[in-house]
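Subject: A structure for you to look at

Hello,

Here is the structure I promised to pass on.

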Amino acid sequence: MASTRAVPEVPLRSGNARPMPAIGMGTAKFPLVPRTTVKAVLEAVEVGYRHFDTATVYATERPLGEALAEAVRRRLVACWEEVFVTSKLWCTQCHPHLVLPSLRESLHGPVRLYLIHWPISLKPGPAVFPVRRDDAVPLDLDGVWRAMEECHRLGLAKAIGVSNFTTRHLDKLMAAATVPPAVNQVEMNPAWQQRKLREYCAEKGIHVAAYSPLGGQNWLGAGNAVLDSEVLAEIAMARGKTIAQVALRWIYEQGVTPIVKSFSKQRLKENLEVFDWGLTDDDLRKIGRIPQKKIVKAAGVVFTTEGEFMSADLADMEIVEE
Ligand SMILES: NC(=O)c1ccc[n+]([C@@H]2O[C@H](COP(=O)([O-])OP(=O)(O)OC[C@H]3O[C@@H](n4cnc5c(N)ncnc54)[C@H](OP(=O)(O)O)[C@@H]3O)[C@@H](O)[C@H]2O)c1
């Protein structure tokens with residue numbers, strides 16, 4: 001069996017959820033090549049990953065399921081339950097009556113954590129990009145969360161949570177929730193530090209997971225604020241680490257779980273080697289001064305800017321919550 005001893009775990013507060021391994025492998029890659037995903041996930045299991053992030057909209061639930069089934073067959077893991085899988089409800093499924101059937105469709109093995117992908121509801125149907133304004137409908141957040149709670153009660157998702165929620169969205173959700181969200185998965189890295197949101201989540205007992213921890217996949221070709229950072233390069237040089245390792249270590253030291261995507265076995269390994277060393281106070285001060293830049297823009301990148309969105313104020317999602 002591959003060793004996972006080097007990866008610490010963090011407790012989640014929702015119900016009887018198993019602790020979450022402190023780093024997860026992201027699987028979002030467009031265009032999707034299922035065979036490549038299966039291979040990368042198997043390699044990740046081999047080098048020690050036990051935490052995987054997928055979503056209906058990435059279309060990687062099935063290849064991830066295939067890879068994990070193969071990992072069990074090859075005895076890389078004893079059983080599926082050893083692995084922590086997060087999946088997400090897409091906006092077209094963000095309707096009370098669609099939550100449970102959507103999770104059942106996602107189940108190519110046990111889902112540990114099920115998240116609302118965005119606080120946005122679109123007309124039911126296949127995911128279309130760019131998302132059309134006419135497809136936006138009012139979000140019944142209370143109703144959707146009650147359905148998420150039902151998934152949890154039935155044991156189909158051991159923990160439930162959200163993604164891309166600001167403090168305002170969380171305030172609204174917390175007021176209605178019986179089972180509070182265990183996790184909020186948001187963009188976070190040294191160039192987008194999310195201080196206010198993290199403070200809020202710490203106070204409410206919501207664990208934060210960081211997507212695009214290395215600055216993302218440069219979808220817009222605009223460079224990478226993390227991997228191109230001179231501040232991080234200088235720290236990496238002084239510590240004998242890579243820039244990616246410094247970024248991931250910084251996230252871990254903030255009490256946040258990075259969800260990092262690499263389909264290269266060598267970089268998968270490199271990204272795991274962040275748990276047995278530390279940053280200095282001086283490093284932390286320097287990282288604290290890195291100019292802030294949000295990469296994943298709701299308006300214009302994920303969702304259209306054309307006209308008004310009926311279900312959500314997209315500007316609300318771009319708030320710089322410093
Ligand atoms: N909830 C949401 O709305 C949301 C949004 C975005 C992403 N996510 C999740 O978060 C995951 C990660 O986010 P992301 O893919 O946007 O960004 P990321 O993990 O910050 O960046 C991935 C990019 O960095 C490269 N990379 C990985 N390790 C490296 C290393 N050690 N050195 C240099 N380059 C390295 C990867 O290339 P190689 O593969 O070639 O190594 C890839 O191009 C996604 O896969 C997805 O699961 C969630």
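Below is what I found in it, going from the whole chain to single residues.

Please keep in mind from the start that this is a predicted model. The chain has 11 helices and 12 strands. Of its 322 residues, buried ones make up 47%. If you count contacts in the chain with a separation of 6 or more, residues 24 or more positions apart account for 74% of them.

The largest nonpolar core holds 85 residues, and Y114, M148 and A247 touch the most other members. Helix α8 (residues 243–253) gives this core its largest share, 8 residues. As general background, nonpolar side chains in soluble globular proteins tend to be buried together. Beyond its neighbours within four places in sequence, A247 is in contact with N189, P190, P213, L214, V226 and L232.

Next, have a look at strand β9 (residues 157–163). How many of its 7 residues are buried? The count is 7 of 7, so the strand is mostly covered. Strand β9 pairs with β6 in the parallel sense, over 5 bridges, and A157 in β9 is the bridge partner of V111. Strand β9 also pairs with β10 (residues 183–187), again in the parallel sense, over 2 bridges. There, S163 has Q185 in β10 as its bridge partner.

Now to the ligand. Which residues are the closest to it? They are G26, L214, A244, K261 and S262, out of 28 residues that surround the ligand. Sorted by class, this shell has 14 polar, 10 nonpolar and 4 charged residues. Both β12 (257–260) and α9 (265–272) supply at least two residues of the shell, and α9 provides the largest share, with 3 residues.

Two positions carry annotations from an unreviewed UniProt entry. For "active site", UniProt lists Y58. Y58 is in the loop between β4 (51–53) and α2 (61–73). Is Y58 buried or exposed? Y58 counts as buried because it has 22 C-beta neighbours inside 10 Å, and 20 or more are needed for that. Leaving aside neighbours within four places in sequence, Y58 is in contact with T27 and A28.

The feature "binding site" is placed by UniProt at H117. H117 lies in the loop between β6 (111–116) and β7 (121–122). H117 has 21 C-beta neighbours inside 10 Å and therefore counts as buried too. With neighbours within four places in sequence set aside, the contacts of H117 are A55, V57, K88, L89, W90, C91 and S163.

Finally, a few backbone details to check on your screen:

- The peptide bond from F30 to P31 is cis, with omega near -5°. P31 is found in the loop between β3 (24–26) and α1 (34–47).
- R75 is a residue other than glycine with a positive phi, near 60°. R75 sits in the loop between α2 and β5 (84–89), and is exposed because 9 other C-beta atoms lie within 10 Å.
- Q194, also a residue other than glycine, has a positive phi near 55°. Q194 lies in the loop between β10 and α6 (195–204), and counts as buried because it has 24 C-beta neighbours inside 10 Å.

Happy exploring, and do write back with any questions.

Best wishes

Key: Residues are numbered from 1 along each chain as its sequence is written. This is a predicted model: local features need pLDDT of at least 70, side-chain atom pairs count only at pLDDT 80 or more; totals for chains, interfaces and linings use all residues. A residue is near a molecule or strand if its C-beta atom, placed from the backbone, lies within 6 Å of it. Helices (H or I, at least four residues) and strands (E, at least two) are DSSP runs, numbered from the N terminus. Ala, Val, Leu, Ile, Met, Phe, Trp, Tyr, Cys and Pro count as nonpolar, Asp, Glu, Lys and Arg as charged, and the others, Gly among them, as polar. UniProt positions are given in the numbering used here, feature names are shortened, and annotations may be inferred rather than shown by experiment. A residue is buried if 20 or more other C-beta atoms lie within 10 Å of its own, exposed if 12 or fewer, and partly exposed in between; C-beta atoms are placed from the backbone. Two residues are in contact if their C-beta atoms, placed from the backbone, lie within 7 Å. A nonpolar core is a set of buried Ala, Val, Leu, Ile, Met, Phe, Trp, Tyr and Cys residues joined through C-beta atoms within 7 Å. Two strands pair if DSSP finds at least two bridges between them.
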